[in-house]
Amino acid sequence: MSSEQDLIHENSKVGVKLMAGEEAEAVAMVAARTYPEAEIAHYPSYISIERPQRIEFDIPLISEELGRPYDAPTFLVILSSYNGRISVEDERITISTELA
């Protein structure tokens, strides 16, 4: 039973891998402030951001962190991969474990 619970916990994590650079650093900074419990790891070529159940990336906050205009299509350019179900809106990218 314990290993089954561990498997369920593992599968409840969502996250992204972003190509390293100024924009990914800004996303990581915003994510760290918004979700202090998020696991953020920096690698030479990418940044990994993970947390349980759901993560939302607020595009206006990322724009503010960068100090310049930023939009969802530009976020998608640096998005190398993601784990979870993705929803893309003009001002928010959401990744969750929810079916609907």
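Me: Which residues form a nonpolar patch on the surface, and with about how much accessible area together?

Reply: Before the answer, a word on the source: this is a predicted model, in which local features need pLDDT of at least 70 and side-chain atom pairs count only at pLDDT 80 or more, while totals for chains, interfaces and linings use all residues. Residues are numbered from 1 along each chain as its sequence is written, and side-chain values use heavy atoms, with hydrogens and water left out. Patches are made of residues with over 30% relative accessible area and no salt bridge, nonpolar side chains (Val, Leu, Ile, Met, Phe, Trp, Tyr) being joined within 5 Å and like charges within 9 Å; a salt bridge is a side-chain nitrogen of Lys or Arg within 4 Å of a carboxyl oxygen of Asp or Glu. Here the patch consists of Leu76, Tyr82, Ile86 and Val88, with about 310 Å² of accessible area together (Shrake-Rupley method, 1.4 Å probe, only the protein chains shown counting as cover for residues).

Me: Where is Leu76 found, and why is it called partly exposed?

Reply: Buried means under 20% relative accessible area, exposed over 50%, and partly exposed in between (1.4 Å probe, protein chains only). Leu76 is partly exposed because its relative accessible area is 35%, and it is found in helix α4, residues 72-78; helices (H or I, at least four residues) and strands (E, at least two) are DSSP runs, numbered from the N terminus.

Me: In which order do the four strands of the open sheet run?

Reply: Two strands pair if DSSP finds at least two bridges between them. In this model the order is β2-β3-β1-β5, with antiparallel pairing, and the edge strands, each pairing on one side only, are β2 (39-42) and β5 (79-83). Within the sheet, β1 (residues 13-19) and β3 (residues 46-52) pair over seven bridges, and Gly15 has Glu50 in β3 as its bridge partner.

Me: Is Ser12 buried or exposed, and with which residues is it in contact, leaving aside neighbours within four places in sequence?

Reply: Ser12 counts as buried because its relative accessibility is 12%, although it lies in the loop between α1 (2-11) and β1. Contact means heavy atoms within 4.5 Å, and, with those neighbours set aside, Ser12 is in contact with Arg51, Pro52, Gln53 and Thr97. For the chain as a whole, 33% of the 100 residues count as buried.
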